[in-house]
Amino acid sequence: MSQPSVFPRRDLEDLAGQILQGAGLSRSHAEIVARDLVHANLRGLDSHGVSRLPMYVERLRRGVVNPRPNVAIQTKTAAVSSVDGDDGMGFIAAHIAMDEAMRLAGESGIGLVGVHRSTHFGMGALYALQAIEKGFVSLVFTNSSPALAMHGGRTAFLGAAPLAAGVPGGKYAPYVMDMSMTVIARGKIRLAAMRGEPIEEGLALDVEGRPTTNAGDAFDGVCLPFGGVKGSVLATLMDLMSGALTGANFGGDVKSLYYDHSEPQNLGHLFFAIRPDLFMALEDFEGRMDCFYERIKALPRAAGCDEILLPGEPEQRCHARREKDGIPVTDNVVADLQELAATTGAAFPEPASDPTA
């Protein structure tokens with residue numbers, strides 16, 4: 001495989017924004033989604049970065065994603081609201097919902113917002129980081145199109161069911177967790193299939209329910225839950241909380257992000273925002289977070305481990321490195337982006353480095 005081309009963050013954001021505007025999004029919404037996609041690349045989650053643009057644009061073109069949604073908020077109680085995403089880009093509804101959850105938490109201590117009629121919202125950490133920037137603890141639930149079998153089954157029924165959480169730090173890095181209930185994110189299997197690379201054993205089954213290391217067969221089949229039955233149980237909870245509770249699709253009804261263009265997905269999300277000073281003064285909470293961080297760093301290390309990291313630290317360091325050195329983009333993704341640029345009238349940037357040099 002050839003070396004990836006490297007692009008500055010700003011160039012990728014501009015390119016993605018132009019492509020999304022060309023596909024029908026307003027300038028402000030296109031800029032939000034573009035920034036979010038590149039944010040995933042910065043944190044090293046390339047499976048949720050600009051490589052997703054062809055799929056998003058295809059769904060916009062086919063009319064199963066509303067490019068100009070009227071996202072509506074309905075207050076339910078002093079601490080609870082519901083958001084109707086109007087079948088628009090999930091990024092937009094999700095940011096609005098987290099803002100609403102933080103508004104409610106500012107008044108009531110905790111805010112809970114359910115979202116229905118949404119679509120794929122990208123990297124879950126986006127919304128945990130959004131809350132951290134404003135000083136809130138957060139939990140982010142979502143369901144998704146079937147990718148995971150119930151324990152003992154061989155057909156896709158549950159989504160990969162990502163869960164994200166954020167806890168602001170004191171003088172050290174915050175806690176940022178973002179994980180799906182699969183052994184590996186389905187988007188990473190998709191990237192391996194795009195590159196023609198195999199996957200490790202124990203990650204997925206093919207359509208016949210047989211273990212496979214072929215990424216294409218795995219993507220067409222089902223992912224396996226982490227921890228066996230425990231991962232399946234947690235994925236079930238994500239579907240019930242994000243789908244059944246909010247009024248969104250659930251129980252296998254969420255339309256495939258990749259293959260089903262018959263109607264909108266009606267995806268569901270659930271956002272919790274919590275003020276960190278509910279039980280003590282904010283400075284006391286921050287001091288406890290600092291103490292927690294220092295205790296982790298002082299723990300005895302296992303053989304071969306140079307440093308014990310808090311969840312979110314590897315991604316934070318990758319972000320700093322890629323912000324400085326640029327974002328690597330593989331040749332197949334570059335080709336997809338060049339094709340999209342040509343069809344939407346976007347200007348394709350020159351890479352910052354020549355991979356053949």
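Q: Between which strand and which helix is the loop that holds Asp 86?
A: This is a predicted model, in which local features need pLDDT of at least 70, side-chain atom pairs count only at pLDDT 80 or more, and totals for chains, interfaces and linings use all residues. Residues are numbered from 1 along each chain as its sequence is written, and side-chain values use heavy atoms, with hydrogens and water left out. Helices (H or I, at least four residues) and strands (E, at least two) are DSSP runs numbered from the N terminus. On that basis, the loop of Asp 86 is between strand 3 (80–84) and helix 4 (90–108).

Q: Is Asp 86 buried or exposed?
A: Asp 86 has a positive phi of about 55° although it is not a glycine. Accessibility is judged with a 1.4 Å probe on protein chains only: under 20% relative accessible area is buried, over 50% is exposed, and the range in between is partly exposed. Because its relative accessibility is 17%, Asp 86 counts as buried.

Q: What is the relative accessible area of Arg 117, a residue with positive phi?
A: Arg 117 lies in strand 4. Its phi is near 50°, a positive value in a residue other than glycine. Arg 117 is classed as partly exposed, its relative accessible area being 28%.

Q: Which backbone atoms does the side chain of Thr 119 reach at 2.8 Å?
A: Thr 119 is found in the loop between strand 4 (110–118) and helix 5, and it counts as buried at 4% relative accessibility. A polar contact is a pair of N or O atoms within 3.5 Å; within protein, one must be able to donate a hydrogen and the other to accept it, and residues adjacent in sequence count only if both atoms are side-chain atoms. For Thr 119, a polar side-chain atom lies 2.8 Å from the backbone oxygen of Gly 88, and the side chain also reaches, at 2.8 Å, the backbone nitrogen of Gly 90.

Q: With which residues is Thr 119 in contact, leaving aside its neighbours within four places in sequence?
A: Contact means heavy atoms within 4.5 Å. With neighbours within four places in sequence left aside, the partners of Thr 119 are Val 65, Asp 87, Gly 88, Met 89, Gly 90, Gln 265, Leu 267 and His 269.

Q: Which residues lie nearest the centre of the largest pocket?
A: Pockets are found on a 1 Å grid over the protein atoms alone, as open sets of points where a 1.4 Å probe fits, with protein on both sides within 12 Å along at least five of seven lines; lining residues have an atom within 4 Å of a point. The lining of the largest pocket comprises 38 residues. Nearest its centre are Leu 45, His 48, Asp 178, Ser 180 and Ala 185.

Q: What is the volume of the largest pocket?
A: A volume is the space filled by probe spheres set on the grid points, which are joined across faces, edges and corners. For the largest pocket, the volume is about 720 Å³.

Q: Which element gives the most to the lining of the largest pocket?
A: Ala, Val, Leu, Ile, Met, Phe, Trp, Tyr, Cys and Pro count as nonpolar, Asp, Glu, Lys and Arg as charged, and the others, Gly among them, as polar. The lining of the largest pocket divides into 18 nonpolar, 14 polar and six charged residues. Strand 7 (175–179) and helix 6 (186–195) each supply at least two residues of this lining. With four residues, the element that gives the most is strand 7.

Q: Which helix supplies the largest share of the lining of the second largest pocket?
A: The second largest pocket holds about 440 Å³ of space, and 20 residues line it, with His 39, Leu 126, Leu 129, Glu 133 and His 319 nearest its centre. By class, the lining has eight nonpolar, six polar and six charged residues. The largest share, five residues, comes from helix 2.

Q: How many disulfides are there?
A: A disulfide is a pair of cysteine sulfur atoms within 2.5 Å. The cysteine sulfur closest to that of Cys 305 is in Cys 318, 19 Å away and therefore too far for a bond. By this rule the count of disulfides is zero.
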